[in-house]
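Hi everyone, thanks for coming. I'd like to walk you through one structure today, a few spots at a time. Have a look at it on the screen first.

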Amino acid sequence: MPGGAAPGDPGPGWAGRHAGLLVSCALAFLAMAPLLARGYVLTYDMVFVPRLELTRNLLGLDASVARAVPGDLLVALASRLVPADIVQKLILAGTIVAAGSGAARLTPSDRPAAKAAAAALYAWNPFVYERLIMGHWGLLVAYAALPFVARAAIGLRDGTPGAGRRVVLSLAVAAAASPPGGLIAAAVAVCVAAPRAGLVAGVALVVNAPWLVPSLLRPGGVPVRPQGAAAFASRPDGPLGTLGSLVGLGAIWNAFAVPPGVGSWAWLAGLAVVLAVAVAGLPALWRRLPDGAATGLLLAAGLGLVLAAAYAVPGLRSLVDLAVAHLPGGGLIRDAQKFVAPLALVEAVAFGLGVERLLPALPPRWGRAAAAGMVAAPVLLLPALAWGAAGRLASVAYPDGFPQARAVMAADPVPGALLVLPWHLYLGFPWNGDRVVLDPAQRWFTRRAVGNDDLELAGATVPGEDPYGARLGPVVAGPAPLETSLPAAGIRYVLVFKVADWAVFGPRLPGLAPVLDRPELALYRVPAPPAEVRLPAPPAAPVLVADLLAVSLVLGAAFRSLHARGHQLVSSGRYPQGGRA
């Protein structure tokens with residue numbers, strides 16, 4: 001193949017052939033080493049708990065929006081086999097390894113430096129840092145699947161045997177981990193395998209059905225929150241503006257998630273070098289991929305960049321507002337920075353090919369040092385991702401009050417939900433180093449936990465989507481004792497985390513029976529029996545049919561892949577003279 005070994009050259013050894021994998025493993029260790037201790041990494045939306053209950057909401061069959069379907073179900077099942085904190089570490093470290101090694105495999109070159117450089121840039125960049133800090137592990141899993149999606153789509157376009165099965169499996173990984181990630185992966189596959197776009201779209205529809213069907217059939221539809229378009233729009237993180245920040249794979253809406261140093265003059269100089277090398281590699285990308293595949297990959301990257309930058313363009317801003325407010329599923333284009341994921345893949349592969357092109361132009365004595373410098377460039381540009389995001393992340397243990405509260409409520413035969421105070425969606429806990437994290441009660445306990453679903457931002461509040469939380473909001477905001485109002489709302493227990501403004505609720509708790517008082521939380525029982533509360537939910541039959549179709553397709557593809565691999569192993573296990581080994 002172009003970029004391969006010269007005639008007579010034996011080619012790279014084992015380490016050279018697996019350079020992308022080795023670099024990815026090294027980067028995963030560099031980023032995750034301090035997080036590998038026992039405990040949970042809790043940051044913003046990333047909340048893993050020891051035992052996630054197997055309830056209907058894991059299938060999207062309750063009033064909640066199916067944002068973590070079926071990813072949470074897979075985590076819940078895995079945590080029955082392996083401790084949940086180990087499951088989390090395997091996901092986080094595996095994401096970096098898979099992302100880098102996948103980018104290396106997609107890079108059309110046999111040169112170890114090219115594959116290693118592509119792996120380094122795709123696994124280590126502001127996008128990965130920001131999404132890790134935000135706790136968007138599902139999106140990162142989908143991001144890691146993108147190189148495999150693109151490679152399978154290229155094979156499908158080129159008629160490679162088994163490519164269809166690989167398209168199914170790679171798209172299924174992305175869809176199971178993250179609904180937006182599943183759609184991004186589907187768009188990449190459709191663009192790359194354009195002649196087979198109908199087949200790819202059909203596969204994408206089936207593997208995304210477990211979250212798509214309950215979303216479409218949710219009574220009242222998925223709530224529309226137009227305020228979210230502006231609140232979650234891409235934002236510049238330096239002097240290059242929004243578009244330049246997106247090209248640098250940054251521009252997330254949350255300024256607290258931006259890596260330190262990004263946007264500085266040193267960063268800009270390094271970014272210019274990386275982009276220049278990537279531009280130098282684009283011609284090789286165009287030549288070496290099958291006809292039309294490079295065009296599709298670049299098209300996916302370009303469309304993603306336009307979507308990510310749309311709210312910063314006055315002419316497109318109104319269209320984004322209209323889409324979010326009026327199109328079914330329009331809310332998926334909120335937090336638009338995520339759409340630069342295909343651009344990250346193009347930049348990484350082109351960067352690897354650019355390294356291959358530029359190294360021969362240097363004096364031979366500089367070759368190895370220059371190759372090492374190019375591979376290390378992403379780390380040198382973004383040292384803040386190393387060692388648990390420079391200490392921003394850590395493994396922590398939940399205090400004893402959590403399992404004790406769970407045990408008390410699980411032993412109570414009287415049904416009823418759990419009201420969680422203070423009335424905030426995100427909280428900073430001292431035992432978590434005061435890192436802001438999503439209310440962990442939503443996942444920790446055996447009972448339905450009801451808290452504030454509104455997203456409180458600086459200068460704005462985006463209304464929540466949980467009808468149960470909306471129903472209890474006026475009760476929590478009012479001045480009356482909670483004892484009188486909670487039974488009719490179906491509440492059996494009140495959990496008070498002793499953080500933020502928890503003390504203001506003290507005068508409203510008399511009449512509730514204290515059950516547990518720990519330094520980190522207090523649990524109260526409502527004396528009166530709770531009323532039964534029924535909230536509208538999607539019909540079970542079509543959701544379960546969608547799940548069955550998706551599982552059947554994925555298992556069928558996996559079985560056929562294993563069968564084909566086994567046949568290849570048997571066929572290759574022969575003596576040179578013939579006969580079986």
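So, to start: at what angle do α7 and helix α8 pack, and how far apart are their axes? One thing before I get to that: this is a predicted model. Okay, the angle is about 165°, and the axes of α7 and α8 (residues 163-177) are 8 Å apart. Anything over 145 degrees counts as roughly antiparallel, so α7 is roughly antiparallel to α8. And who makes the contact? On the α7 side you'll find, among them, Gly-138, Val-141, Ala-145, Phe-148 and Leu-156. On the α8 side there are Ala-163, Gly-164, Val-167 and Leu-171, including Arg-166 and Ser-170 as well. As for handedness, α7 passes α8 in a left-handed crossing. If you're new to this, here's the general idea: two packed helices are described by the angle between their axes and the distance between the axes.

Next stop, helix α15, which runs over residues 293-309. With 17 residues at 1.5 Å a residue, α15 should span 24 Å, and its end C-alpha atoms are 24 Å apart, so the two agree. Which residues of α15 are buried? They are Ala-293, Ala-294, Gly-296, Leu-297, Ala-300, Ala-301, Gly-304, Leu-305, Ala-308 and Ala-309. Those buried residues pack against α7 (137-158), α9 (179-192), α13 (241-247), α14 and α17 (341-358).

Is Val-277 buried or exposed? The cut-off for buried is under 20% relative accessible area, and Val-277 has 4%, so it counts as buried. What does Val-277 touch, once we leave aside its neighbours within four places in sequence? Its contacts are Ala-350, Phe-351, Gly-354, Val-355, Leu-358 and Met-374. Take Val-355 from that group: it is 78 residues from Val-277 along the chain, yet their C-alpha atoms are separated by 6.5 Å.

Now for a loop. Ser-109 is in the one between α4 (84-106) and α5 (112-123). Its relative accessibility is 1%, so Ser-109 counts as buried too. What does the Ser-109 side chain reach at 3.0 Å? That would be the backbone nitrogen of Arg-111. The Ser-109 side chain also makes a polar contact with the side chain of Glu-356, at 2.3 Å.

Most residues other than glycine have a negative phi, and most peptide bonds are trans. Now look at the exceptions here. Tyr-44 isn't a glycine, but its phi is positive, near 45°. You'll find Tyr-44 in the loop between β1 and α3, and at 15% relative accessibility it counts as buried. Asp-335 also has a positive phi, about 50°. Asp-335 is in the loop between α16 (314-326) and α17, and with 13% relative accessibility it counts as buried.

And the peptide bonds? A cis one joins Val-69 and Pro-70, with omega about 0°. Pro-70 is in the loop between β1 (40-41) and α3 (71-81). Another cis bond joins Leu-421 and Pro-422, with omega about 0°, and Pro-422 lies in the loop between β3 (417-421) and β4 (426-428).

Methods. Residues numbered from 1 in each chain as written. Predicted model: local features only at pLDDT ≥ 70, side-chain atom pairs only at ≥ 80, totals over all residues. Heavy atoms only, no water. Buried < 20%, exposed > 50% of the residue type's maximum accessible area, 1.4 Å probe, protein only. Contact = heavy atoms within 4.5 Å. Helix = DSSP H or I, 4+ residues; strand = E, 2+ residues; numbered from the N terminus. Expected span 1.5 Å × (residues − 1). Polar contact = N/O pair within 3.5 Å; in protein donor to acceptor, adjacent residues only side chain to side chain. Axes fitted to C-alpha atoms, helices over the stretch in contact; angles between N-to-C directions. Parallel < 35°, antiparallel > 145°, perpendicular 65-115°, else oblique. Left-handed = near helix turned anticlockwise from the far one by under 90°.
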